[in-house]
Amino acid sequence: MMASSLRWARSLPLSARIGLAFVIFWLAVALVGPMLAPYPVGAFVDYDVFDGMSSQYWLGSDYLGRDVLSRLLSGARYTVGLAAAAALLASATGTALALTAAVGGAKVDEPLSRFMDTLISIPSKILSLVLVAAFGSSLSLLLLIAAITYVPGNYRIARALAVNLAQMDYVQVARARGEGRIHLALTEILPNMIHPLLADFGLRFVFIVLLLSGLSFLGLGVQPPDADLGSLVRENISGLGEGAPAILMPAIAIASLTVSVNLLIDGLKGKRP
Amino acid sequence: MTGGSTASGLKMALILAGKRFASSLLTLFLVSLVVFTIAQLLPGDAAEETLGQSATTQQIAALRHEMGLDRPAHERYLSWLGGMIMGDPGQSLVANMPVSEVISSRLPNSLLLAALTALVAVPVALSIGIGSAMNRGGRIDRALNIFTLSMVAVPEFLVATLAVLVFSVKLRWLPSIALASDDMSWGEYLRGAAMPVLTLSIIVIAQMARMTRAAVIDQMDRPYVEMAVLKGVAPIRVVLRHIMPNAIAPIVNAMALSLSYLLGGAVIVETIFNYPGLASLMVNAVTSRDMPLLQACAMIFCAAYLILMLIADVTAILANPRLRAQ
């Protein structure tokens, strides 16, 4: 198992291997990071604000004299956790609806697709802003809003895949055999579209990380005392004039996460024949 | 091809384009339904919001009646939609003036920002995309691929903060806050708008260059290009004379799609630079829960997006003889 996954990783292009390393790193940070934090998240530990990097405060201190590294480790958990959950919810919902459309016939497919086309013609940031204004932005609502925003994109891709597969001979045979629609969707169609769907999941994850940190940056996302990486950029914006690590590090952290997922997906795409 | 078939082909293309236009209008109508419905989900309503918690039920009921909130939802929707079409989307709750006035003071700024960004981004993206395609598989191409792939995933505020850090803080070339007012000279305006334009351009160029490269490479694999190369046409001439006329439609398509990405990017960039445009107005509307203003802004953004998509599709229809023949 270990050896085969190592061999698999080695077969990837360099950029994808770097991406994979960063993805694993950020997943690990999200899982155990807060336990490794040198200081409590909310504690005021430094008398100076916007300190530079030092051996005591590896990434400096923030606008209230809190340790940036500790806050970053805990912020990463919010960013990665929320985005992964929202991407999973969006992909599961989008794919479930797509499968329903593919096996349900024109009566289900047409209204559903029309509705999704409508949602997709609202730019994602605009849709999420309207949703935030209507619902508010608690953690669970943010998760839901990010998921709703990216369901249509997943639906469009999953439906295209599923409709193609539904016309294949083996599915027609299964249908003629008298298999039910649920069986057709789950055991005949779904297993054959799982690879492109995984790549799409990665993309949704990237979009949602960017969306949620964008919302937090605007002050409309994760609310204090909780803070994701976007909130960290926002709260330290006054340190921009000094080039404080408190504002740059969280922003770079987000970029390293999203860029590495992108590189990984790109590398995987090139691998498939 | 005879003259007659060209004329009928053009007619077909116009019919297709007309159909596409009608479908955009239908989508815009459905979008307005979605936006209105979401905005109605607000727990409590504008009347309670305006009067605050100390208001009595009678006061709320009176204001609700005055604002027309006691009418059934479909009636309110129709009067809102009618107002939008007539250019009167209602009264802004926070600014206490007509939404149309608030928006008309901001919209030109946003359009100017978009135009300047397109002016900077399109030539640069075209050069990067074509250069990258000509060097396909080479070192420059791979480097550009990694670079643009990364830039697509970088949050706008990182680009913006880095730009401020380099150009305002370290080099002190440009102001970090963009203020636009009527009595500013063009020079002052351009200096102020330089940072937002730069940031938006960097974000859009990455997207555009990738799509341009894909469009050019798609043409490069065609037999007629192979023919041109085999008969000894210089590479630059192959690209400009043979490939470009055929790739122009997909490229315009790519430009329109990437410019639509600008709509979302503007939300962050206008806010971070305090640029008085429509996107930062919309963010304010969200914070203050000014629903009439928010709905109007959302509809403008959606209309802009649909127009860009329409341009993308219609160029594809007009430029593709096979699509026309169908």
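Chain B has 13 helices and zero strands as its secondary structure. Read from the N terminus, its elements therefore run α-α-α-α-α-α-α-α-α-α-α-α-α. The model is a predicted one. Chain B has 326 residues, of which 37% count as buried. Among its contacts with a separation of 6 or more, 71% join residues 24 or more positions apart.

Helix H6 of chain B covers residues 139–153, which makes 15 residues. At 1.5 Å a residue, H6(B) should span 21 Å, and because its end C-alpha atoms are 22 Å apart, the model agrees with that expectation. The buried residues in H6(B) include Leu144(B), Thr148(B), Met151(B) and Ala153(B). An α-helix has 3.6 residues a turn, so residues three or four places apart point the same way. Helix H9 of chain B, residues 223–230, is hardly covered: among its eight residues the count of buried ones is zero. Just after H9(B) comes Gly232(B), which takes a positive phi of about 95°.

Next is the place where the chains touch. Here 38 residues of chain B are in contact with 39 residues of chain A. On the side of chain B, the elements that give two or more residues are H1 (3–40), H6, H7 (156–170), H10 (235–272), H11 (278–287) and H12 (291–319). The residues of this side of chain B divide into 31 nonpolar, five polar and two charged.

Chain A is also built from helices, with 11 of them and zero strands. From the N terminus on, the order of its elements is α-α-α-α-α-α-α-α-α-α-α. The C-alpha trace of chain A spans about 75 × 50 × 25 Å along its principal axes. Of its 273 residues, 52% count as buried. Residues 24 or more positions apart make up 69% of the contacts in chain A with a separation of 6 or more.

Two helix pairs show how chain A is packed. In one, helix H3 (residues 68–104) of chain A packs on helix H9 (residues 194–217) of chain A at an angle of about 130°, and the axes are 8 Å apart. The crossing of H3(A) past H9(A) is right-handed. H3(A) brings to the contact Thr79(A), Leu82(A), Ala83(A), Ala84(A), Ala86(A), Ala87(A), Ala90(A), Ser91(A) and Thr95(A). From H9(A) come Leu197(A), Asp200(A), Phe201(A), Arg204(A), Phe205(A), Ile208(A), Val209(A), Leu212(A) and Ser213(A). By class, the residues of this contact between H3(A) and H9(A) are 12 nonpolar, four polar and two charged.

The other pair is helix H5 (residues 124–135) of chain A with helix H6 (residues 139–166) of chain A, which pack at an angle of about 145° with their axes 10 Å apart. H5(A) also passes H6(A) in a right-handed crossing. In H5(A), the residues that meet H6(A) are Ser124(A), Leu127(A), Ser128(A), Leu131(A), Val132(A) and Phe135(A). Their partners in H6(A) are Leu141(A), Ile145(A), Ile148(A), Thr149(A) and Tyr150(A). The contact of H5(A) with H6(A) has eight nonpolar, three polar and no charged residues.

Technical notes. Residues numbered from 1 in each chain as written. Chains lettered and ligands numbered in written order. Predicted model: local features only at pLDDT ≥ 70, side-chain atom pairs only at ≥ 80, totals over all residues. Axes fitted to C-alpha atoms, helices over the stretch in contact; angles between N-to-C directions. Helix = DSSP H or I, 4+ residues; strand = E, 2+ residues; numbered from the N terminus. Left-handed = near helix turned anticlockwise from the far one by under 90°. Contact = placed C-beta atoms within 7 Å. Nonpolar A, V, L, I, M, F, W, Y, C, P; charged D, E, K, R; others polar. Buried ≥ 20, exposed ≤ 12 C-beta atoms within 10 Å, placed from the backbone. Expected span 1.5 Å × (residues − 1).
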